[in-house]
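This report goes through chain contacts, a pocket and some backbone features. Please look at the structure below before reading on.

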Amino acid sequence: MRQLSPAAFLVLAAFTVPLAVELRTAAGLFGVELPFVAVVVFEAGLLLVLTTVYLLGRLSPDDGEAATA
Amino acid sequence: MATFVDRYPAEAKAIQATFAVAFVSLGIGALFGAIQALHRTNVFRFMDSVDYYTLLTGHGVLLALVFTIFFLAGVFQWGITESLDTPAPDIRLTWAWVGLMTAGATFAAVAILAGLFPEIPMSADVLYTFYAPLQAHPLFYVGLAMFIVGTWIAGADWFLSYRTWRRDNPDERIPLQAFMVLTTMIMWYVSTLGVAVSVVFFLIPWSLGLVDTVNSLLTRTLFWYFGHPVVYFWLMPAYLLWYTVLPKLAGGRLFSDPLARAVFVLFVLLSTPVGIHHQYLDPGIAEGFKFIAMTNTMFLLLPSLLTAFTVVASVEHGARQRGGEGYLRWLGALPWRDPAFTGMALAGLMFAAGGFSGMINAGMNINYLVHNTLWVPGHFHMTVGTAVALTFMAGTYWLLPQITGKAVYSRPIGLLQVIVWFVGMVFMSNAMHRGGLLGIPRRTAEPQYANFDFAAAVGSVGELRMQIAFGGVLLFLSVVLFLFNVAATWADDRVGTPVDDAIPEPLSPASGAPLVLDNLALWTLIAVVLVVLAYTLPILSIVSDAGLLGSSTGSPVAITLEAVAETVAAALPGVW
Amino acid sequence: MVAGRNSESDDAATSSDGGGDDGAQPVPDGGGADGAQPVPGRDAIDDEGYAIGSGRSDVVRRIDHDDFDPIGTLVLIAIYMAIVGVMWVFMYFVEFLGGDLTVIG
Amino acid sequence: MDIHRYEKVWLAGALLLIVGFIATVSYGAVGAGITMVNDEGGQVDHDSLDEHPRFSEPGTYADGPNEYDVYVVAYQFGFEPGTQEPIRVPAGSEVTFHVTSRDVTHGFQVVGTNANTMVIPGQVSTITVRFDEAGTEEYGLLCNEYCGAAHHAMEGRIEVVPQSQWNESMEVS
């Protein structure tokens, strides 16, 4: 599990926001009407994944594998 | 290791003054912004809607003119002194423009804020664009004029430093930062002429009652003659930081000095003959003039698109030097924990998005779709409100230590601050763009109308309002964190090396740039010719149509609750 | 976030920060070809081992003009170009021309 | 000056993008026939609109088969007609709005549509749009340029009346 610095964690968290906000528009283009909660859930999901990656990175030592942005 | 303040203490003092004024107006302007975001979305209101426009005027003038221009004046003074390694010709001259600009800004601010107090017979609720015949108190126009003249003296100050340097270095290339400052000021001199004529020859005499009428379309056209270049006046210092500082922060070097120069020359040439694209939907201007303005505007995209490549390439160079690999994985190798770097990077990213909505605004007939809708403030909160403002805040984390000799109080707070700004702006400006497409107008205090509702295709208008309010609150929070960090830094003690302030040489050096690029006189001449070509006929036809002074008598912005009550009452019959 | 690092800087990578210059020895002349001031010394560095603007201090190799091709930039820019193109067509032909009451005179 | 080949590629792409934008807009003007608000409306003396043949009695004027002219005066803070009583236009007709201001600069936007123009004192804005037979029956109207203390209350309505129900009483003549 590669390491995420606190900074990287924050920056990535910031990037999840536009994704979540635009989720419904994207769905709307395919005629899918997503409720507002869907957006909240989606954002929460993204943050959860990110947090897990971050914590795992804290626990397990870095195997020196390269980063993915 | 000595930094700027140790080498140029006198200049540093003056820069500290301009930064101080900039940050104070940033605080006030941001507070107004937060109040507006909550008021017009009907989330939280404590004032009457008529006061909304007073705050809106304050928000626009304090942030778009005072914060940006005072900060960039500091950056330019730093850039000139540092890159030419030449002290100000006479520090009293420097303090003269700092003083004049401050006095002018204060006058304008007083005239605006007086509008909040009915007992004071003074108001200037004319918004940042002060379209006649809406009439502000003379103090407002006088303040603006003093402010502009102050910037002219500042420019003269910098050209004098350049002359001194040139005398000692007859055959050198102009150092890049100095080149950027000088070209930007040339653009500024050319473009401020319009607003100066409008304010000094028409609006001041008219507000003093010396002349009875103005030609609304003429003063409006003169305003936009200046109103578009001014956005480049905000943007150029951000570009200066992106070109010369960001690569260094990323651990790299500027990809190409010659291209950076070419880009600034293009801005000198094309920034001004485009103003009419703000008047696509104005009567009294032939479609042909609008089309010419559009083609100029579209080609003005070129320098910004080139900047995108050069700056990103310079940042990539840093990432590669820091061990970055792959097509995109290198992004991970960047120093994201540096608030100065991260702030500028996020600002650049958002500028890419704001650039797109700008392309839409530039399209002549598609303007029917977005003109004066919420889309427009959505656009400029991404550009001047983030590309410029966030870059300035990020730059502060790197510049403030140099001009105060003090290390930044807290890097983590700084990082949090720039990220909160980014997130807040995503919420607010995204919702504004969407709202605009639904036909929600800009510059209004009320979210709802009596005769109709706005229909949202995806989601609901209510959600858009919530996003605007939430984003506005985050943005205000970000400014609070920023100002706290700045104040705490300022209150700290001097340290030996507050910051790593070395700027590495460009990968592709100035020597590769054609000498003609440094021929400032030539570019000035061509710029003037282009302006004459683009504006002579429109101005002549506007004047011959409605006369130099037109027929619009003043309409002082009176804030009376009765007027509002009557109008609302008048509008209601439409409903029932 | 932490770069893929070469072995000599692993200790930095495993430490609690992403870009600190602890461990990672800056290459001679701090990576910048400027050769002006050196990278700030420890005394100048805040408690978290960091001075703002010291991106140079994590430089692990020096890349000069001739051996640098900004392929990553080209990729990013191409993606941007594609997005802008699609969005423009959508905005103009769907949002605008698809709209009601278009001005024809 | 040496420019990296990637940057040359980008430069070409950027120029292509710019030319593409201009081409699209030109298509809109020539192909789709979209006309900009321009100087055709001419000028009026906004202080003596009551002496103007049409603005003195603003409203809908019949002007040839299925062609109508609607004269609207914008003022602080409303439209005449539009605010007190709605603007009425027949469905399935081509309508030219002639809008001017009695006092300050206003905006004239038919909510949620492309009918949108500035209204500047002394100038007449003219925009022609087509109201389809099967189109919307009612539109909102708003001022989208700040015009003073009660700007947010400056609004109105446009009623699209089916041809069958359209009668002389709805016209000024």
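A salt bridge here is a side-chain nitrogen of Lys or Arg within 4 Å of a carboxyl oxygen of Asp or Glu. Side chains of opposite charge can pair when their charged atoms come close.

The model is predicted, so local features need pLDDT of at least 70 and side-chain atom pairs count only at pLDDT 80 or more, while totals for chains, interfaces and linings use all residues. Residues are numbered from 1 along each chain as its sequence is written, chains are lettered from A and ligands numbered from 1 in the order in which they are written, and side-chain values use heavy atoms, with hydrogens and water left out.

**Chains B and D**

Contact means heavy atoms within 4.5 Å. Five pairs of chains touch, and the most contacts are between chains B and D. That contact takes 80 residues from chain B and 67 residues from chain D. The size of an interface is often given as the accessible area lost when the parts come together. Buried area is used in that sense here: the accessible area (1.4 Å probe) that two parts lose on being put together, summed over both. Between chain B and chain D it is about 6,100 Å², with carbon and sulfur atoms giving 66%. On the chain B side, B:Pro283, B:Asn365 and B:Tyr368 supply 12% of the area buried against chain D, more than any other three residues.

The rule finds one salt bridge across the interface of chain B and chain D. It also finds 22 residue pairs in polar contact there, both residues being at pLDDT 80 or more. A polar contact is a pair of N or O atoms within 3.5 Å; within protein, one must be able to donate a hydrogen and the other to accept it, and residues adjacent in sequence count only if both atoms are side-chain atoms. Helix H11 (residues 287-299) of chain B gives the largest share of the side of chain B that touches chain D, seven residues. Helices (H or I, at least four residues) and strands (E, at least two) are DSSP runs, numbered from the N terminus. By residue type, that side of chain B divides into 49 nonpolar, 22 polar and nine charged. Ala, Val, Leu, Ile, Met, Phe, Trp, Tyr, Cys and Pro count as nonpolar, Asp, Glu, Lys and Arg as charged, and the others, Gly among them, as polar.

**Chains C and D**

Here 21 residues of chain C are in contact with 30 residues of chain D. The two chains bury about 2,400 Å² between them, 70% of it on carbon and sulfur atoms. In chain C, the residues that lose the most area to chain D are C:Leu101, C:Val103 and C:Ile104, together 30% of what that side buries. Across this interface of chain C and chain D the rule finds one salt bridge and 11 residue pairs in polar contact (both at pLDDT 80 or more). The side of chain C that touches chain D consists of 15 nonpolar, four polar and two charged residues.

**Salt bridges**

Over all chains, a search of the whole structure finds 24 salt bridges. Among them are these:

| Residue pair | Closest N to O |
|---|---|
| B:Arg443 and D:Glu145 | 2.8 Å |
| D:Arg5 and C:Asp69 | 3.9 Å |

A:Glu22 lies in helix H1 (residues 6-29) of chain A and B:Arg434 in helix H16 (residues 411-437) of chain B, so this pair joins two chains. Chain A and chain D do not touch, and their nearest C-alpha atoms are 18 Å apart.

**Second largest pocket**

On a 1 Å grid over the protein atoms alone, a pocket is an open set of points where a 1.4 Å probe fits, with protein on both sides within 12 Å along at least five of seven lines; lining residues have an atom within 4 Å of a point. Grid points are joined across faces, edges and corners, and a volume is the space filled by probe spheres set on the points. The second largest pocket holds about 680 Å³ of space. It is lined by 30 residues, of which B:Ser83, B:Pro175, B:Ile503, B:Pro504 and B:Glu505 are the closest to its centre. H3(B) gives the largest share of the lining, three residues. The lining is made up of 15 nonpolar, five polar and 10 charged residues.

**Backbone**

The peptide bond from B:Ala132 to B:Pro133 is cis, with omega near 5 degrees.
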